Amino acid sequence: MSMFATVLANLFAAGRTRAPDDQPPVPPALRGHLAHDPSLCTGCGTCAHVCAPKAIVMTGTADRDLAWTWFSGACSYCGLCRIWCPTRAIDLLDEVPDTAERGGEMRLADPVVRHACSRCGRPHTPLAVEIQAEMLGGPLAGTALDEKDLCEDCRRRMSSERIRDAFMGPTPKPAPRSFARTVATEKVTS
Ligand code: SF4
Ligand code: SF4
């Protein structure tokens, strides 16, 4: 096509600029806006470990509440955190991230609440009951229900004690302890 024809074609072609409300459809497999569900998060740190650009940061200590934070500016939306999170607490939604429109960085911050182990009192974050039930293939009952709030060390001890009791008879057990505290979760998006 000659240059003259090209100029004429462009002159009479429809405009290409999209209005804000006239955006192309989002592809169905888009790895977009990252979402984190603190009620499913145990603070294991796997997501922060696999995140190459360090977009997820975990702060805090073993005996205090942890803070799970995601920085959109560092995220490459690779999806590894969603793949490796053992509790499915992370998802990448098929929505365009807010930052694409806002042009700035967004921070998603969630506390990961520590509870006292119901046997030894050590602070930990138990696996969500629905995940425990899913792993066991049905609603928690019996021993599984009694031990749903145990820390991993006490779970091992209880398992050993059950085997020992089976051979040597019942032994005295420490009295169960109630949760020392819970902290309200609050999602902060800025
Ligand atoms: S999607 Fe990738 S880059 Fe973004 S937080 Fe997850 S692991 Fe990190
Ligand atoms: S979001 Fe998943 S991988 Fe990350 S700390 Fe929580 S449970 Fe672990």
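The largest nonpolar core of this predicted model has 16 residues, and Leu34, Cys47, Ile56, Trp70, Cys81, Cys85 and Ile90 touch the most other members. Such a core is a set of buried Ala, Val, Leu, Ile, Met, Phe, Trp, Tyr and Cys residues joined through C-beta atoms within 7 Å; buried stands for 20 or more other C-beta atoms within 10 Å of a residue's own, exposed for 12 or fewer, and partly exposed for values in between, with C-beta atoms placed from the backbone. At least two core residues come from each of strands E3 (66-71), E4 (90-92) and E5 (107-112), and E3 gives the largest share, three residues. Helices (H or I, at least four residues) and strands (E, at least two) are DSSP runs numbered from the N terminus.

Beyond its neighbours within four places in sequence, Trp70 is in contact (C-beta atoms, placed from the backbone, within 7 Å) with Leu34, His36, Ala55, Ile56, Cys75 and Leu108.

Turning to the ligands, 13 residues surround ligand 1, the closest being Cys51, Ala55, Cys75, Cys78 and Cys81. A residue counts as near a molecule if its C-beta atom, placed from the backbone, lies within 6 Å of it. This shell holds 11 nonpolar, two polar and no charged residues, where Ala, Val, Leu, Ile, Met, Phe, Trp, Tyr, Cys and Pro are nonpolar, Asp, Glu, Lys and Arg charged, and the others, Gly among them, polar. Around ligand 2 the residues include Cys41, Cys44, Cys47, Trp68, Cys85 and Ile90, and the shell divides into seven nonpolar, five polar and no charged.

Local features need pLDDT of at least 70 and side-chain atom pairs pLDDT 80 or more, whereas totals for chains, interfaces and linings use all residues. Residues are numbered from 1 along each chain as its sequence is written, with chains lettered from A and ligands numbered from 1 in written order.

Definitions and conventions:
Contact = placed C-beta atoms within 7 Å.
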